Amino acid sequence: MLGSMQERQFARGACIARAGQQVEHWMGLVDGFAKMSVASQEGRISTLTGVSAGVWFGEGSLFKHEARRYDVFALRPTRVALMPRRTFEWLRGTSVPFNHYLQELLNARLSLFIGALAHERLLDTDARVANCLASLFNPDLYPDAPRFLEVGQVEIGLLANVSRQRVNVALRRFQALGLIRLEKRGLTVLDLGGLRGYQQGAVPLSLGG
């Protein structure tokens, strides 16, 4: 069964999965970075979350045998593993640890989306950027995430739903506070707890990195 796994590569900007397509594979990022997004009929796009290496997605549509509800785009060159539906269903039917993993994954994703909705409604721009960065280090979704994040300001803006210019202002403020260090190809998180507890206009409360 596991021999039926496939792997595909996608260039930066390529569509990994399209909304409306029937889902026949469970997908996992082997390497790279992607975003989940939805689009209105008028062409307005809203980014739901980022997807980094080690994350699986699409299990909800497999459960319900329905078409995918969101697009997935590669934000940089990305490798994706594809598990066929029959293998996914075989593991669900035969493996208790696999089912426990699915439960934990779904719970973590639900918590992430509830938090993102609350941040969008309640936080100012800089705090939203801080929480967006912190969410990429969610221990339940990204247990082995390195503190160096190879992500650009445009990508962060898409995930936080703010302009690149405002992301630039926020990141420089975070660096001045010692929360991050800006690098040539991304940034290094120095104080993850500080990002999680950030409030604009005040020294963030660090919860421990």
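The protein chain exposes about 11,100 Å², of which carbon and sulfur atoms supply 53% (Shrake-Rupley method, 1.4 Å probe; for residues, only the protein chains shown count as cover). The model is predicted: local features need pLDDT of at least 70, side-chain atom pairs count only at pLDDT 80 or more, and totals for chains, interfaces and linings use all residues. Residues are numbered from 1 along each chain as its sequence is written, and side-chain values use heavy atoms, with hydrogens and water left out.

The protein chain contains 7 helices and 11 strands (DSSP runs numbered from the N terminus; H or I of at least four residues for helices, E of at least two for strands). Of its 209 residues, 44% count as buried (under 20% relative accessible area, 1.4 Å probe, protein chains only).

In the largest nonpolar core, of 30 residues, Ile16, Trp26, Phe57 and Val72 touch the most other members. Such a core is a set of buried Ala, Val, Leu, Ile, Met, Phe, Trp, Tyr and Cys residues joined through side-chain atoms within 4.5 Å. Helix α3 gives the most to this core, with 5 residues. Beyond its neighbours within four places in sequence, Phe57 is in contact (heavy atoms within 4.5 Å) with residues including Trp26, Val72 and Arg109. Another core, of 27 residues, lies apart from the largest one and includes Cys132, Phe137, Val151 and Leu159.

The buried residues of helix α6 are Val167, Asn168, Ala170, Leu171 and Phe174. These residues pack against α4 (125–135), α5 (153–160), β10 (180–183), β11 (186–189) and α7 (192–196). Just after α6, glycine 178 adopts a positive phi of about 80°.

Definitions and conventions:
Buried means under 20% relative accessible area, exposed over 50%, partly exposed in between (1.4 Å probe, protein chains only).
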